[in-house]
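Thank you for passing this chain along for a second look. I have set out my comments as separate points, so that each can be checked against the coordinates on its own.

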Amino acid sequence: MVTTFWSSVNRRDFLNQAGSGFAVSAFAVPVTRWLVSPADGTADHQGGGRVGRADLDELRQAADDARHWDSKYGGGNWKANSVTDCLERRAAPLLGGTFTDEVGRELFSVAAELSRLAGWTAFDVGRHDAAQRHFIQALRLARAGGDVQLGCYVLTTMAMQALMRGFASEAVDMAQGAFARAKGQAAPRVLAFTQLIEARAHARENNAKAASGALAASEDLLGRAKTDSGDEPGWIDFYHHARLSADAAEVFRDLKNPKAALAWNKQAAAMPTGVFTRSVGMRLAIVGTAHLQARDLDHGLELGHRSVDILARVRSARALDYVREFNTALAPWRREPAVRAFVHRTREELGVAA
């Protein structure tokens, strides 16, 4: 099923038909299946050429490269998008090869991570239907590999997509399911990320108590991760206290509590623009919006302009949503010349309407 999908996803007819549609109900069956049974029995296969460690290392390197380029330039850059080519031309033939149970589980896991990355880049540029299908395939591949940790992470990413598409209640359920199923099997840092996304979903529902509780649970798990002696997967290495603090600022921005949002932002260490270009631009828009909520127009506009400076260099529909939210928060000052100039700038440079 995955190889058939990968062979079609790059075709012109698929790209022309693909839109930005999203159906949260499409997640129901694959999520339920993973929650009931997150691991297949065996992963060995007899087929074509023998798959070895060098093949796995190549796919892992492709995944690492895609993550780096996505963070720096957004999901629309050519390098991040090339992950779908890697899936079709390298991963698919390997899945039809000959491998032992041990190699097979690793192969399925790294293919799952590549599929999750393909979904993430599609999500980032607004191709939500393609993203959703990639995430579903990634969850199934993680199950084939018996990789409960990765399945937890994929499901949490799916929850984030549901959240950003306006389905906060479903996102809460998915994040909680990911945590409950992987508890006792996943590393603390992996579980902490599920709690973070749950907090963000509660905030979108304006449930301050639940959001604060999930955020505190995430922080506690991160504290345990510092002393955890077990091996952690490389794909979760981005989640440290600085990221939690930055997302906490977004949580309290959504709760319209600018005081708390700005306090959390002070705890968030500066991220290097050259590495996390998109994240820095979005964070500036979030903090700028919090300043607007606190009725500080001058500071808010300053951060808004810095956000545009940075986001003009990335291709990310998701990042532009944060600029739109910032523009919405400018409504009380819509007649101010500086505000009108800023809105005009976002329209001209980013294509963001007022």
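This is a predicted model: local features need pLDDT of at least 70, side-chain atom pairs count only at pLDDT 80 or more; totals for chains, interfaces and linings use all residues.

1. The chain contains 18 helices and 0 strands, and buried residues account for 54% of its 354 residues.

2. As for the contacts in the chain between residues at least 6 apart in sequence, 75% of them join residues at least 24 apart.

3. The largest nonpolar core comprises 118 residues, and Trp6, Met158 and Leu330 are those with the most contacts inside it. Taking Met158 as the example, and leaving aside residues up to four places away in sequence, one finds that it touches Phe27, Val31, Phe135, Ile136, Leu139 and Met174.

4. Thr156 is placed in helix H9, which covers residues 148-164. Is Thr156 buried or exposed? Thr156 counts as buried because its relative accessibility is 0%, the cut-off for buried being under 20%. Beyond residues up to four places away in sequence, Thr156 touches Ala178, Phe193, Thr194 and Ile197.

5. Ala319 belongs to helix H17, residues 317-329, and it counts as buried because its relative accessibility is 1%. Again not counting residues up to four places away in sequence, the contacts of Ala319 are with Arg278, Met282 and Leu311. A separate check concerns Val125, which lies 194 residues from Ala319 along the chain, while the C-alpha atoms of the two are separated by 8.9 Å.

6. The second largest pocket has a volume of about 370 Å³. Which elements give two or more residues to the lining of this pocket? They are helix H1 (2-9), helix H3 (28-36) and helix H8 (128-144), and the largest share, 7 residues, comes from H8.

7. The lining of the second largest pocket consists of 15 residues, of which Met1, Val2, Gln137, Arg140 and Leu141 lie nearest its centre.

Note on methods:
Residues are numbered from 1 along each chain as its sequence is written. Side-chain values use heavy atoms; hydrogens and water are left out. A nonpolar core is a set of buried Ala, Val, Leu, Ile, Met, Phe, Trp, Tyr and Cys residues joined through side-chain atoms within 4.5 Å. Buried means under 20% relative accessible area, exposed over 50%, partly exposed in between (1.4 Å probe, protein chains only). Contact means heavy atoms within 4.5 Å. Helices (H or I, at least four residues) and strands (E, at least two) are DSSP runs, numbered from the N terminus. On a 1 Å grid over the protein atoms alone, a cavity is a set of points where a 1.4 Å probe fits but cannot get out, and a pocket is an open set with protein on both sides within 12 Å along at least five of seven lines; lining residues have an atom within 4 Å of a point. Grid points are joined across faces, edges and corners, and a volume is the space filled by probe spheres set on the points.
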